[in-house]
Amino acid sequence: MTAGGSLSRTGLGCLLAALVFTAPVLAAQDDSAQLAAGAKGFQALPQEQAADWLKRMAEAPFRVNYEGVFVYSHGESMQTVRVSSRVAGGTKESRLVSMDGTQREIRCTQSGSVILSTDGGGRQVERRFSKRHFPDIFPEQAAQLTAWYTVALGGISRVAGRECRELALIPKDAFRWGHNLCIDQKTHLPLKAVMVNESGRPLMEHTFAEVQIHKARVRAVPSQELPHALDSAALQVRNLPPGFTKIGAMKRKLPNRSDEVEHWVFSDGLTHISLFIEPAAAPSEPVKGEGPRGMVNLLTRQVGAYQVTVLGEAPWPAIESIGLGLAERRP
Amino acid sequence: MSERDIDRQLVERVRQGDKRAFDLLVEKYWRRLIRLLSRMVRDPDDVQDIAQETFIKAYRALPQFRGDAAFYTWLYRIGVNTAKNYLVAKGKAMPTLSQQALPDEDDGVEERLAVQDVSTPESELLSKQVALAVNEAVENLPEELRTAITLREIEGLSYEEIANLMACPIGTVRSRIFRAREAIAAKLRPILGTSEDKRW
Amino acid sequence: MQPNPSVPLQATGQDDDGLSALFDGELSDAQGAALIRRLSEDDRLGGRWSEYSVIGDALRGTAYSSGRFRARLRSALAQEPTLLAPVRRPVRSHPALWLSAAATVAAVTWMVLGAAPGDPTAVEFAARPADVNVSPYLAAHQDYAQALTANAEMRFMPVKLAIAETPR
């Protein structure tokens, strides 16, 4: 018996010859979400089932206690984070610790989150405006995402030693990125989340390396997201991409700067775009910015007496449409 | 797409100080290296010495490895150079070998059993048994598993290339190759006297 | 390793195809990093890695050799000092932000180009390199958004927007 391959070379040659002229099945850039879903081996779900899956994924972080390590990667940049989350007294508390040398920890509760850092000497405490983090990535009203994303179900996979179901959120338009997820079979907690562009290319990824998940005895209730109103808005936002609403607005200082700016946040539930408004320093032309892999896009321009900066992990059309639809509010 | 950076993640781990990651790379390539070297060098003891020195050199040179070639190509180049220097130092002749020669895994020629730690009838028998068990196991695989593992291990194709050829999703390719490996490994274990739990 | 027919055959273990994919270099960066971490600690995974290597070699007709070479090499490598390659910063001069707030900022030069008024073809290079930080905006954005960190490196270019530029 030859010690070589058992598929004879002629046999393999025939196989290759027969298949090399077949049209490629992996259609990468087709408009139809159905075809895209089917080509990748995914089944698009009807609205009801899609909403059901989204609901379960959104509730999962409130029904379990979990502890683990996940890896975040974006281009060449990678971070390892230890995370633990606990449901107690009807609320959820979590803690994230960087494992890459920076002495930084975030503590999140229902009322907000706090960053503790120990950078050479003293301990610093800073407020952070969001209490969300992987794997708690879905908004409370997650079912509404079906208006903007097709939900497609894939096969079973394994992440961190646990069985999980592949699930794709395919954008219905060009205003948002897609998300490919792997959802824990037992608890529906996302174990892997990859933000992808229109060609399916990964933009950023969160993956658990190890995780323990236990069902909590009593589930927590997510706190109400209070509507934010901004009183003396200098500008009107006249144009938002479909599905985006204002979820936050505040006057704040930017890190390492002393002046105050207005910071508004728009979201469709998964995608976040920020708008910053400040007095214009000097007349300038509009400038567009693009981050690695095109994940983050930015526009800065002058509107009247103000310098406006729009940026987010969203395709350029979303950034542009917000940036274009700004006007000074007439007194 | 033949020169993919297959082992980049492992190399990166080694550079960050994880010696066990280098162990994984060794485990993956050491028999191939020995096979290559034994085409150039007759004496099995020499081959082992050269192979050992090659891995040590590669480990030390990793910080300078720029990743502009595949790791195993870089490793083999070190191997060829080490072999040449070794033989020169020992005053031995070396069969003519093209400077550009890169490892050719699938020339389909039945190799004489190249190197054994100790060339005994027992070790030669074991080697034959392993080859037999693996090939039998592959013959008995369902066709799509057999095709997938063959395209990967013998033709050296990427999952994407295999997916295009087999007209199936990449995830299916990945699963088929995994299942093929598991089925073959199950047939191997009794011969090697290992259980799944033991570290080799 | 001598054959030992008295060792019972164990049932197949975890159905984790990640190791197989890692062996073929087909895992994403994050997944690869995650699995390599586990591999360092899990001997059972290490055993399977070895099996995959034997299988591939056998398919290509490489003779099987047992462990004496490996044992020798292992002890030789144990003598080697641990590598401490300089950690390659993914972004040369822009450190990765992590949960922003007190992130160190890096200046980015913005080249601003403008067209001479009334002349659509000529582009006047009114290059006004203003050192503007994009990092504080990105950091503030991440305070609110999901991403824990992002690369602050960006490419900038002028853009023509389809609106009247006359100030109100």
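## Basis of the description

Two strands are taken to pair if DSSP finds at least two bridges between them. Helices (H or I, at least four residues) and strands (E, at least two) are DSSP runs, numbered from the N terminus. This is a predicted model, in which local features need pLDDT of at least 70 and side-chain atom pairs count only at pLDDT 80 or more, while totals for chains, interfaces and linings use all residues. Residues are numbered from 1 along each chain as its sequence is written, chains are lettered from A and ligands numbered from 1 in the order in which they are written, and side-chain values use heavy atoms, with hydrogens and water left out.

An open sheet of 7 strands has the order β14(A)-β15(A)-β16(A)-β19(A)-β18(A)-β17(A)-β5(C), with antiparallel pairing. The edges are formed by β14 (245-253) of chain A and β5 (155-158) of chain C; each has a single partner strand, so one side of each is left without a neighbour in the sheet. On average, neighbouring strands of this sheet are turned by 20 degrees against each other, direction ignored; the axes behind such angles are lines fitted to C-alpha atoms, for helices over the stretch in contact, and angles run from 0 to 180 degrees between N-to-C directions. Strands of a sheet pair through backbone hydrogen bonds, either parallel or antiparallel.

Within the sheet, β16 (residues 272-279) and β19 (residues 306-312) of chain A run antiparallel and are joined by 7 bridges. A:Ile277 has A:Val308 of β19(A) as its bridge partner. Helix α4 (residues 316-324) of chain A lies across β15 (260-267), β16, β17 (287-290), β18 (297-303) and β19 of chain A, at about 15 degrees to β18(A). Contact here means heavy atoms within 4.5 Å.

## The strand at the chain boundary

β17(A) has partners in chain A and in chain C. Towards β18(A), the antiparallel pairing comprises 4 bridges, and A:Glu290 stands opposite A:Asn297 in β18(A). The hairpin of β17(A) and β18(A) has 6 residues between the strands, and A:Arg293 takes a positive phi near 65 degrees in this hairpin.

Towards chain C, β17(A) pairs with β5(C) over 4 bridges in the antiparallel sense. The bridge partner of A:Gly289 in β5(C) is C:Phe156.

β8(A) and β9 (residues 162-171) of chain A are antiparallel and pair over 9 bridges. A:Leu153 stands opposite A:Leu167 in β9(A). Their hairpin has 2 residues between the strands, and A:Ala160 takes a positive phi near 55 degrees.

β9(A) also pairs with β10 (residues 178-184) of chain A, in the antiparallel sense and over 6 bridges. A:Cys164 stands opposite A:Asp184 in β10(A), and a hairpin of 6 residues joins β9(A) to β10(A).

The whole structure holds 10 cavities of 30 Å³ or more. On a 1 Å grid over the protein atoms alone, a cavity is a set of points where a 1.4 Å probe fits but cannot get out, and lining residues have an atom within 4 Å of a point. Grid points are joined across faces, edges and corners, and a volume is the space filled by probe spheres set on the points.

Two or more lining residues come from each of β8 (149-159) and β12 (202-215) of chain A and α2 (29-41) of chain C. The largest share, 4 residues, belongs to α2(C).

## Chains B and C

Chain B contains 8 helices and 0 strands. Of its 200 residues, 55% count as buried, that is, under 20% relative accessible area, with exposed over 50% and partly exposed in between (1.4 Å probe, protein chains only). Among its contacts between residues at least 6 apart in sequence, 62% join residues at least 24 apart. B:Leu87, in helix α4 (residues 71-90) of chain B, counts as buried because its relative accessibility is 3%. Between B:Leu87 and B:Met40, 47 residues apart in sequence, the C-alpha to C-alpha distance is 9.9 Å.

Chain C has 5 helices and 5 strands, in the order α-α-α-α-β-β-β-β-α-β from the N terminus. Of its 168 residues, 52% count as buried.

Conventions. On a 1 Å grid over the protein atoms alone, a cavity is a set of points where a 1.4 Å probe fits but cannot get out, and a pocket is an open set with protein on both sides within 12 Å along at least five of seven lines; lining residues have an atom within 4 Å of a point.
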